[in-house]
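Colleague: Can we go through this model together? I have some quick questions.

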Amino acid sequence: MTTPTEDATAAPAAPTDFIREIVMEDLRAGKHTAVHTRFPPEPNGYLHIGHAKAICLGFGIAREFGGVCNVRMDDTNPQKEEAQYVDSILADVKWLISGWADDKLGLKPAGKSPEARELGGKHDFLQAPIAGARLPSDAEPFYASDYFGPIFEFAMQLVRCGKAYVCDMTPEQTDEYRRTGKESPFRNRPVEENLDLLARMKAGEFPDGARTLRARIDMASPNMWMRDPLLYRIRHLEHHHTAAQWCIYPMYDFAHCLSDYIEGITHSLCTLEFEVHRPLYDWILQSLDLPRKLPRQIEFARLNIDYAVISKRKLLQLVGDGSVRGWDDPRMPTISGLRRRGITASAIRSFVTELGVTKYPSLTEYALLEHSVRSEFNKTAQRRFAVLRPIRVVLTNYPRDQVEQLTAINNPEYPAAGSRTVPFSRELFIDSADFMETPPPKYFRLRAGGEVRLKYGYIIKCDEVVKDDRGNVTELRCSADLGSKTGGATSSRKVKVTIHWVSAAHAVDAEVRLYDRLFNAPEPDIDGDFKAHLNPRSLEIVRAKCEPSLGEASLGVPYQFERLAYFALDPDSREENLVFNRTMTLKDTWAKEAKKS
RNA sequence: UGCCUCGUGGUGUAACGGUAGCACGAGAGAUUCUGGAUCUCUUUGUCAAGGUUCGAAUCCUUGCGAGGCAGCCA
């Protein structure tokens, strides 16, 4: 079985945006000879579509400019982080870049810590990546916590040159002083005393919150983050990666810039909320007399999509209270949820690429993601017949025991996908949406006394509508134009519509999960109560009748159930109970027309 | 409130002092053994007011609006 993967997922023209322009200019000016980016998630949750944007940017730039993108666990807060998230994060990254930037993935040998070295008479630490398509099997992501030793040395260096001090104020006092721009009474502590107290903080002599290490910058700065920000806090907690080795942990601002430096990152890309931190990022690095080139932080707008919430905190709530079935629920905008729903990595990548990168905090329409999925799947997905809400059709003039094997085209957009056979017999199922006894105007499908073509089969006419006591249609008795089959004498007769069908005797049953948007408000959290806008009909489960070949459907492959939608096999699927997820509906101009009247 | 950043059709973006373009969406039509796909056409925009300039979406000023930050979170 072949699929047109290469045609359909061929890389579009290299994108250009303000970040790539900066990178290009830095290369042109000789500021750097190679680019090195990084993707630094905190291991406290699952990756989502917003991370996908960051991943595509970091790896995309590495790809376009011949560099590497490190994956780094930004794990400086043992209170929030857990080892269980590390594996899912790395798996999601690998899945997303697979076949696209595998050879740009920067990892490190298991257990390796940065090397201390002398460079131009200066003390330095370097943690170089191993990258490439063939990494050793035990290669692992970088960890900010691997740099706790070097970071501590840098802290002492700041103390020694009078740029950091140990502060004894309580959290409340610290806040108050920073808000009002008042200097800490401990700000002018002698260097020796600071060094001694810092060592004792590290040694565990003080309880949580008793003391902090603070940068000595400018309490009058209009930027709050320059008002002597905290560098270290005391936390007597086990860390998922460094165990009980430390009881003081560096803050994000202190650890992040140094992690970037230690890994030789050239361009450190992050979201807009870190914009006000950039002066601090630069101040720390510039205060340390470092021998190598310094990384540069560049901020871009995070991704927002309508009718969805994306932040990790909110997604965690949905998982926690059972609003969804888990992090990988196909309604979730997590990478794992999108994957389970049937969306491919290449479709996510093309979506993100089409978005572009700017500093404008935009709200992207879900329709853009739909378009990326549909335009790819139209070219790659094999067609199948499935009837979601069956009505029985009996062809009264078709021989009782006859079964024909009709040839069906797998993908009209890609002839090399070949064909398959589908059994046809006297009793069939068609979708209830394809029959109306008294239809509205512009309804082209089957009606009482009307005609329709069964795809690859005959034109049929509805002679009789059979109903139960309550008036529900239970069966349609139809006659087939036996010469109208593809290639037959009357096959060129025109009927308005061709519908799909499944032979009743040969049908395979399946559970089909129909997903709709999780929220029914374009910005669910705009009033701070996103759960009030959960869509109660975001999941509908039906029992479908499928053509026999769907019994052999494979995981991770998109199928188009003709005239309906794209579907993917769910991992819950068993041989005796097939389960399909609706990935994305086909465009439905009839639904639009029906809505009008 | 202070500071930072950002405002281009309904949405996402391009134009780097010189014809406001692309994609999505929407609408109309053609075609079709998927009301899918494909093809053609159409619609709608530089937040406002001043200024600089031969010429401003672009540079300057002011105003307005939006987002972010003001954790011992990241």
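Colleague: What is the bridge partner of V394 in β24?

Modeller: R477 is the partner of V394 in β24. Strands here are DSSP runs of E with at least two residues, and helices are runs of H or I with at least four, both numbered from the N terminus.

Colleague: Before we go on, what are the ground rules?

Modeller: This is a predicted model, where local features need pLDDT of at least 70 and side-chain atom pairs count only at pLDDT 80 or more, while totals for chains, interfaces and linings use all residues. Residues are numbered from 1 along each chain as its sequence is written, chains are lettered from A and ligands numbered from 1 in the order in which they are written, and side-chain values use heavy atoms, leaving out hydrogens and water.

Colleague: Back to β16. How many bridges join β16 to β24, and do they run parallel or antiparallel?

Modeller: 4 bridges, and the two strands run parallel. β24 covers residues 473-481. β16, residues 390-395, is also joined to β19, residues 427-431, by 5 bridges, and that pair is antiparallel. There, P390 is bridged to D431.

Colleague: What is the strand order in the sheet of 7 strands?

Modeller: β25-β22-β23-β24-β16-β19-β26, an open sheet with mixed pairing. Two strands count as paired if DSSP finds at least two bridges between them.

Colleague: Which strands stand at the edges?

Modeller: β25 (498-499) and β26 (502-503). Each has a single partner strand, so one side of each lacks a neighbour in the sheet.

Colleague: Is V387 buried or exposed?

Modeller: Buried, at 0% relative accessible area. The cut-offs are under 20% for buried, over 50% for exposed and partly exposed in between, with a 1.4 Å probe and protein chains only.

Colleague: New topic. Which residues touch the most other members in the largest nonpolar core?

Modeller: I49, I55, F59, V71, L318, I343 and I348, out of 52 residues. A core here is a set of buried Ala, Val, Leu, Ile, Met, Phe, Trp, Tyr and Cys residues joined through side-chain atoms within 4.5 Å.

Colleague: Which element gives the most to this core?

Modeller: α4, with 7 residues. Elements that each supply at least two include α3 (49-64), β2 (68-73) and α12 (345-355).

Colleague: And what does I343 touch?

Modeller: Leaving out residues up to four places away in sequence, I343 touches W95, L338, I348, L369, V373, F377, T583 and M584.

Colleague: Now backbone angles. What is the phi of D228?

Modeller: It is near 45 degrees, a positive value in a residue other than glycine. D228 is in the loop between β9 (212-215) and β10 (230-234). D228 is buried, at 0% relative accessible area.

Colleague: What about Y307: buried, partly exposed or exposed?

Modeller: Partly exposed, with a relative accessible area of 22%. Y307 also has a positive phi, about 60 degrees, and is not a glycine. Y307 lies in the loop between β13 (296-300) and α10.

Colleague: Last one. Where is M224?

Modeller: M224 is in the loop between β9 and β10. M224 is partly exposed, at 36% relative accessible area.

Definitions and conventions
Contact means heavy atoms within 4.5 Å.
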